[in-house]
Amino acid sequence: MKKGSGRRLRDWFWIPIVLAFLVPVVLVVAPGHRETASSSGEAGPLLEGRGALDSLLQASSGRRLLVNLWATWCTPCIGELPHLSQVRDSLYPSVEVVAVSVGDPDVEAVRRFHDEAGLSLPMVWLDAAAARRLTDEWEVADVLPVTIAFGPGGREESRVAGARSLEFFMAMAAGGDADSLPAGEDGDGGDHGVLHVNVVGPPDSPETTALLEEAMRLAGDEGVDLYDPRDPADSAAMDSLMLPRMDVPYAQPCVGAACGRPSTTPSMLAETAAGLLAGS
Amino acid sequence: MARLQRWRIARRIIQLGFLGATNLYLAGWVRGAIYTGSSKMFPIPGLHCYSCPSSVLSCPVGSIQSIVSSPGFLGGLSSGRADALALIGLLGLVLLPAFVAGRIACAYVCPFGLIQDLMYRIPAPRLRVPASWRAGKYVMLVLFVLLLPMVLRPVPLAGGDPWFCKVVCPAGTSLAGWPLALHDGGETLQLGWLFGWKSAVAALVLAWFVFSKRPFCRVLCPLGALWGAAGKASLVRMRVSEDCIDCGLCRDVCPVDIQINLEPASAECIRCGECIRACPVDAISHRPAWRKDHEEG
């Protein structure tokens, strides 16, 4: 057959063959085409790794999404997670809420908390490298908790650092932008913008003394509390404040209802506090 | 035809040699795990899944998608971010053989090409693929390897998806998905409907290999599209002299079903050299690009 003498129907069959591959693409990205997890009532899953997080986020396309970054050692985080779980219980499936642990080097601590708390929102644990990549990509300062709201189209609508109340998160889930949201700081986090440091360790330990001196230099005498885990009264206070128990003395800086990671050296404390003040 | 047979055997030995050299991690088939050593930084010049249990190199098509689908790729490209600029280095590496001799890697290196060559030896009715279907692989390259991974971002602030791997690639399904799924027994891998879709695609494409000459290379392979386009500027090209008697034997022996005397500069030609050995009047040869040839169409 000479060129240009007209094409037979089969000459065009390659087009539907190639276009057929768009069918699964459309099914995968169609808004809200898949359910993520349980709707409410029962404990949500604990997943591990960035792949699991991306799958959760992808399955949430087409609905509003709150992503909460937290860690088991972050007292304000533990306090606000039940609020976020309540938001999910009330608004799922139109709103999804995912809690991402980005500060726990060991998944076991997260698993223990997950099993004890029995919250309905799905949780994801990231190891240190994956957590660092995520916070770099999302441009999150070294402060916890952080909650980011995404619209149904995946665009970021608002983000807040520091713990918030149930009312605040309900307004956030309704699509309010950061400026219009109520202040809603949770608990007794203290004055916003003022540094407070909890130092935990035996008072006679040189490490504790060094941390205490650095804490007082940063936050002043009024801004520092010392807890001796061997003292029953201090130990009870640590439990009520949900301060983590570590084998070595540490200092945890907080600004308002946002906390930095526990620091075991004065230089680490200074760096964490500076990041916290910059990010809160 | 004796010299054609000798050439074919030599080509088959080279193909098998490359297959062995790029699949040294044979323990992967026993353990149901993939190799994760540093050699996986480098792409094999052929379509061979990163997740094939024995593969010690990566797939160039998968690597391209991985880069263009990374978070903030377009911004990174314009601002000179290293991971985005890696695309240029990767393309340079992948295109190197094509600038020398077009799709020569399809003929001698690509494991999926070898599978097609071998399966076409199974006695069966023969189906000719219309020349117009060749356009399909360019659409595959642009749409599923470049455009969709670059622009479809359903996950907030995250990257895109490698759509060619995810919904098309029968090499990935047959040489990685199926063996790993069999090993896993459905315990940890989440084999959803997409796995069913890809399995159906792979089964159909593999069956097609029995009836048509290298149909995947000609209709669907994005790597073939990339190499075919680059091959237009290759250093070594095909030449057909005026001695050609238009017997059509070149097409009969051609693994990709082209008649070289009609289209000596075809982007489809995989430079296997079989037509050169089959030509009864020695009218077909290689020629360097800088030597003018009035017979080239």
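A residue is termed buried if 20 or more other C-beta atoms lie within 10 Å of its own, exposed if 12 or fewer do, and partly exposed in between, with C-beta atoms placed from the backbone. In this predicted model, local features need pLDDT of at least 70 and side-chain atom pairs count only at pLDDT 80 or more, whereas totals for chains, interfaces and linings use all residues. Residues are numbered from 1 along each chain as its sequence is written, while chains are lettered from A and ligands numbered from 1 in the order in which they are written.

Of the 280 residues in chain A, 40% are buried. Chain A holds 10 helices and 10 strands, defined as DSSP runs (H or I, at least four residues, for helices; E, at least two, for strands) numbered from the N terminus. Among contacts in chain A with a separation of 6 or more, 66% link residues 24 or more positions apart; a contact requires C-beta atoms, placed from the backbone, within 7 Å.

Strand 7 (residues 195-200) of chain A runs parallel to strand 8 of chain A, and 4 bridges join them. A:Val200 has A:Tyr227, in strand 8 of chain A, as its bridge partner.

Between the chains, 23 residues of chain B contact 20 residues of chain A. On the side of chain B that touches chain A, helix 8 (135-151), helix 9 (163-167) and helix 11 (193-211) of chain B each supply at least two residues.

How values were computed:
Contact = placed C-beta atoms within 7 Å. Pairing = 2+ DSSP bridges.
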